[in-house]
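Keep the sequence and the model side by side as you read.

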Amino acid sequence: MKVHVKKGDTVLVLSGKEGLRGKTGKVKAVMPKEGLVVVEGLNLVKKAVRPNPRNPQGGFIETEAPIHASKVMPICPSCEKPTRVRKKFLPDGTKVRACAKCDGVLDTK
């Protein structure tokens with residue numbers, strides 16, 4: 001599955017858990033085969049961890065769980081609104097992701 005967001009994009013969560021809907025965050029990881037994204041600071045789950053060298057005490061750790069990519073929408077850096085993604089060709093021939101509302105470029109190099 002081709003994913004419309006990339007690592008580092010700021011996204012708005014469209015649907016999901018009650019406390020998750022309408023929040024924004026930065027994409028931490030993208031899993032295109034599964035169609036999932038991990039958003040920084042959102043969809044936190046508590047996970048039981050056994051004692052190990054990294055965590056000698058063990059206990060519970062809060063980590064970000066993945067969200068389906070269809071439930072997030074990228075926020076355009078130029079108009080600062082959630083937008084759909086369009087493909088745009090620059091004069092030098094490179095293909096970039098563009099904002100459907102203001103035609104601004106989403107890809108930052």
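Two strands count as paired if DSSP finds at least two bridges between them. The strands themselves are DSSP runs (E, at least two residues), and helices are runs of H or I with at least four residues; both are numbered from the N terminus. This is a predicted model, where local features need pLDDT of at least 70, side-chain atom pairs count only at pLDDT 80 or more, and totals for chains, interfaces and linings use all residues. Residues are numbered from 1 along each chain as its sequence is written, and side-chain values use heavy atoms, with hydrogens and water left out.

Start with the overall make-up. The chain has nine strands and zero helices. Its C-alpha atoms fill a box of roughly 55 × 30 × 25 Å along the principal axes. The radius of gyration is 17 Å, whereas a compact globule of 109 residues would have one near 13 Å. That radius is taken over C-alpha atoms, and the globule rule is 2.2 Å times the number of residues to the power 0.38.

Now the sheet. Five strands form an open sheet in the order S6-S3-S2-S1-S7, with antiparallel pairing. S6 (67-68) and S7 are the edge strands; each has a single partner, so one side of each is left without a neighbour in the sheet. Strand S1 (residues 10-13) runs antiparallel to S7, and three bridges join them. In this pair, valine 13 stands opposite valine 72 of S7.

Next, look at the hairpin of S8 and S9. These strands pair in the antiparallel sense over five bridges. Valine 85 stands opposite cysteine 99 in S9. Five residues lie between the strands, and glycine 93 takes a positive phi near 95°.

Where does the largest pocket lie? Domain 1 (7-74) and domain 2 (77-108) both give residues to its lining, so the largest pocket lies between them. The domain bounds come from an automatic or database domain assignment. A pocket here is an open set of points, on a 1 Å grid over the protein atoms alone, where a 1.4 Å probe fits, with protein on both sides within 12 Å along at least five of seven lines; lining residues have an atom within 4 Å of a point. The lining has 15 residues, and Val3, His4, Val85, Lys87 and Arg97 lie nearest the pocket centre. Strands S7 (72-74), S8 (85-89) and S9 (95-99) each supply at least two lining residues.
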